[in-house]
Amino acid sequence: MGISAKVVNLFPRYSLSVAIGLIVAGCAQHTAPTPSASGAVATASAPASAPAAEPAAEPAIAWYSGSVESAFATARAQNKPVFLYWGAKWCPPCHELKATVFSRPDFIEKLKLFVPVYLDGDDLGAQKWGETFGVSGYPTVLVLKADQSELARISGGMDLAQYAEVLDLVLGDVRPVSTILAELKSGGARPLSRDDCRRLAYYGWDVADDVNSRFSDLSQTLSQAAAKCPTGSESEKARLIVTAAGFAADGEASALSAGKPPSRQLAALIGQVDAILKNPSLADEVSDAIAGLDDTFFKAVAAVAPQDVADWNQRFAAVMDKAAADPRFSTADHLYTVYAKLSATKALDPQHKISPQRVAAAHQRIDAALGEKLDEHARASVVNAALNILDLIGDDDRAYAIAREQMAQSKSPYYYMLDLASLDEKHGHVDSAVDWLARAYAQSQGAATRFQWGTDYLFGLIRMKPADDAAIRTAGLAVLGELDGPDRIYRRTRMRLERLDHTLEKWNAKGDHVATIVALKQRMDGICSQIPRTDPAHASCRGFLAKTETVRT
């Protein structure tokens with residue numbers, strides 16, 4: 001499995017051969033005037049995207065050209081599973097997936113055994129399907145039966161051999177994942193089959209539905225699964241244990257930050273991970289999963305075994321160093337192993353510092369990676385990985401230069417404008433940061449994407465220029481206008497709308513911005529009036545600013 005980058009806004013974890021990302025088909029172009037740093041922007045609604053179509057960038061894969069509904073009908077008629085790829089065209093890890101997996105002739109041949117569906121997050125109705133399948137993060141691959149029950153979930157990419165094996169596992173008459181999990185939770189004594197163990201080990205848990213609210217539950221489930229894997233499944237057991245340990249730490253993140261000791265369950269999992277690290281051959285097999293352990297996990301390690309942090313650091317670094325040279329993984333993956341090593345070093349160090357030697361080595365790896373001759377997809381993912389490393393080591397000047405260079409060559413320049421805005425904001429360059437956010441919103445394309453980038457712009461205005469009611473009102477009205485269309489207030493967009501509601505509520509906590517809140521509520525009411533009351537989106541729509549309005553009245 002690949003190490004994934006922490007992609008903007010939605011992706012909490014890492015995983016190898018790039019596991020966070022998106023899709024290129026069917027993004028409707030939307031033109032809008034570039035707002036100024038003051039926040040002025042003309043209201044415009046993005047047109048509805050056309051149905052998903054075969055993307056020109058991937059002509060070798062015979063992506064299904066009809067609707068998602070008809071794809072399942074075709075799967076039923078042909079007795080094939082559905083291979084559903086969900087993503088968006090601005091996502092670097094999606095570019096990586098196309099460069100390392102989707103372009104391979106053997107993978108393309110394997111997909112002939114499936115009905116392959118390419119669903120861009122900006123396609124008409126895509127976010128509603130995202131709600132149906134419980135997918136948010138780009139890219140996510142689902143393998144589904146014709147009855148829409150889930151057989152496998154993959155959070156982006158993994159090395160091709162593993163990808164092919166996972167697909168082989170679901171081609172037979174296999175049980176849905178939900179059935180396996182229900183059996184585990186029932187406490188039955190029957191061990192897992194080898195195939196079921198492998199399916200759970202390679203499942204994309206980091207993009208599971210509502211993962212952020214289920215850390216502890218998932219940790220317990222995966223620990224149970226590891227205990228029930230049959231003899232000869234040591235690699236799968238190790239992968240499940242490492243994933244369980246990461247989720248357990250995430251579930252206790254607040255307690256750990258408050259200085260509380262790790263729970264007994266987490267302490268036990270830390271011991272099991274340590275045993276894996278002490279077994280070099282086993283650690284190498286699951287190095288992609290190990291690379292997904294983040295600073296929260298290593299804070300727990302430091303709390304459990306403060307006397308052993310130096311040994312932990314050394315063992316973890318050794319595994320990452322081997323992964324950084326592993327030919328199974330891409331150039332971007334190699335950089336993510338560097339990131340993982342540095343992140344662990346910083347978390348385990350008593351002063352939370354990274355040695356100058358490791359910083360220098362990281363710069364050398366970035367230089368080498370950027371110096372390679374790469375296609376546009378691979379380069380986008382390498383740049384993303386490099387920016388993550390530079391953020392970690394605090395080299396903001398170089399990060400800014402790389403982001404500007406990539407922005408100039410990218411087909412989705414608005415993606416890198418968010419990086420530039422973040423760096424400018426960090427250094428107190430408020431006008432420049434707001435201007436980047438405005439430009440990014442103006443240039444973004446596709447209904448869901450425009451709402452995401454528009455809310456980023458609006459959040460920035462509220463954060464950096466909270467007294468500028470006029471700019472916030474103008475931007476807010478424009479951003480809400482992106483929701484004026486069929487089936488838009490679902491999944492990622494719905495989550496964004498909920499966050500915007502909370503942010504505006506805090507901004508107006510003292511009642512200083514009532515006129516703006518009323519204007520935004522009225523705009524939203526107009527959108528809600530077009531949504532049937534029986535549509536689940538109607539409740540989400542009507543709930544926007546409802547609490548704030550109640551307080552006002």
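Trainee: Let's start with Arg-491: what is its relative accessible area?
Mentor: Ground rules first: this is a predicted model, where local features need pLDDT of at least 70, side-chain atom pairs count only at pLDDT 80 or more, and totals for chains, interfaces and linings use all residues. Residues are numbered from 1 along each chain as its sequence is written, and side-chain values use heavy atoms, with hydrogens and water left out. Buried means under 20% relative accessible area, exposed over 50%, and partly exposed in between (1.4 Å probe, protein chains only). Arg-491 counts as buried, as its relative accessible area is 4%.

Trainee: Which helix is Arg-491 found in?
Mentor: Helices are DSSP runs (H or I, at least four residues), as strands are (E, at least two), numbered from the N terminus. Phi of Arg-491 is positive, near 40°, though the residue is not glycine. Arg-491 is found in helix 24.

Trainee: And Asp-487: is that one buried or partly exposed, and at what relative accessibility?
Mentor: Asp-487 also has a positive phi, about 55°, without being a glycine, and most residues other than glycine have a negative phi. Asp-487 is in the loop between helix 23 (469–481) and helix 24 (491–507). It counts as partly exposed, with a relative accessibility of 30%.

Trainee: What is omega for the cis peptide bond between Tyr-138 and Pro-139?
Mentor: Pro-139 is found in the loop between helix 4 (126–133) and strand 3 (140–144). Most peptide bonds are trans. The one joining Tyr-138 and Pro-139 is cis, with omega about -10°.

Trainee: Which charged residue sits over the ring of Tyr-138?
Mentor: The test is NZ of Lys or CZ of Arg within 6 Å of the ring centre and within 35 degrees of the ring normal. Here the charged end is 3.9 Å from the centre of the Tyr-138 ring, and it belongs to Arg-492.

Trainee: What arc do the buried residues of helix 17 cover?
Mentor: Helix 17 (residues 356–371) has Ala-362, His-363, Ile-366, Ala-369 and Leu-370 buried. Gln-357, Gln-364 and Gly-371 are exposed on the other side.

Trainee: How many aromatic pairs does the structure hold?
Mentor: Rings of Phe, Tyr and Trp (its six-membered ring) pair if their centres lie within 6.5 Å; planes under 30 degrees apart are stacked, over 60 edge-to-face, the rest tilted. Ring pairs join Trp-63, Phe-83, Tyr-85, Phe-102, Phe-107, Phe-114 and Tyr-118 in a cluster. The number of aromatic pairs in the structure is 24.
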